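User: I would like to learn how to read pockets in a protein model. Please take me through this one.

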Amino acid sequence: MTSTLPEQMKVIEITEPGGPEALSVGSRPVPQPKPEEVLIKVAATGVNGPDIVQRRGHYPPPKGASDLLGLEITGTIVAVGSDVNDWSVGDQVCALTNGGGYAEYCAVVALHCLPIPKGLNLVEAAGIPETFFTVWSNIFMGAGLKEGETFLVHGGSGGIGSTAIMLAKAFGAKVYATDSPAERCEACKGFGADRVIDYNTEDFVDVVRNEVKGANVILDIVGGDYIARNIKAAAPDGRIVQIAFNKGSKVEINLMPIMLKRLLFTGSTLRSRPDASKSEIAAQLREKVWPLIEAGKIKPAVHKTFPLEQAAEAHRLMESATHVGKIILEI
């Protein structure tokens, strides 16, 4: 730590589990980076679904992680741990965190940092880490989406959905997306979806089965009755990836089609992955995705920004499901 850094910082704390009103401005000591970490003066932090779930009291941070919200940040490195060789004070980065992003300073594992892609500002880049790490690890590293395959993503205009559409399209997949109402469906088309299904007027199961004989890879954040419907919508040898359960995780389904169609049904959370796994994801993103961003072929969509003190308003917007792309807090 250098003498120019303050001892205290402004943060957003959860007073008690509940609604957006549970978020309040507080003060905490500025963290000190561990040997493998860097300390970042935060410029912006993304608002994500797990933030909402944690605020409600259902997604506790991993052991040793900050209890503050905020899983992705951008900013300037102001201190480096003794084992860090790849970054220096003054470098601007975006980073995946285990928590702590809703604050003026955040300590992050150095290998979970990436340079700000050329052509993006700090606010735009703050919408990258959580969604890009999630989509890349689940759809490409896990499900092995290949060029020419059909990919179905639910909630296509949100942070995860828009990222999934752009990445799948950039790597040669045929992309189907579900959303509603019409303006959100139009947004999915803008992100590159080949076919957008308004779930209030069409059945995605019928659409993908009739038009392409099923989806090879499905990314779902909905859960509930979508779980059984995804199994119906999957092509033989299809892969279904569950990363959230907005409509619930306790369902009764017929598992026979999984066996008959040789389906792979899997799920994951990003936050609980080992540090080494996240470091590998970061390395792959830098090699394979950063060039596409810097070439202008992929650009994270920012719906709206709020000052840090208005985190509760940002959460209300997130819960309204009327946003297209990412919601960002500026510090």
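Analyst: We go through the pockets and their linings. The model is predicted: local features need pLDDT of at least 70, side-chain atom pairs count only at pLDDT 80 or more, and totals for chains, interfaces and linings use all residues. Residues are numbered from 1 along each chain as its sequence is written, and side-chain values use heavy atoms, with hydrogens and water left out.

User: What shows where empty space is left?

Analyst: Rolling a probe the size of a water molecule over the atoms does. A pocket is an open set of points on a 1 Å grid over the protein atoms alone, where a 1.4 Å probe fits, with protein on both sides within 12 Å along at least five of seven lines; lining residues have an atom within 4 Å of a point. Here the largest pocket has a volume of about 1,300 Å³, the space filled by probe spheres set on points joined across faces, edges and corners.

User: Which residues lie nearest the centre of the largest pocket?

Analyst: Gly49, Ile221, Ala244, Asn246 and Met318, out of 42 lining residues.

User: Why does the largest pocket lie between the domains?

Analyst: Domain 1 (8-127 + 271-330) and domain 2 (132-267) both give residues to its lining, so it lies between them. The bounds come from an automatic or database domain assignment.

User: And the second largest pocket?

Analyst: About 550 Å³ of space lies there. Its lining has 28 residues, with Glu37, Gly64, Ala65, Ser66 and Ala107 nearest the centre.
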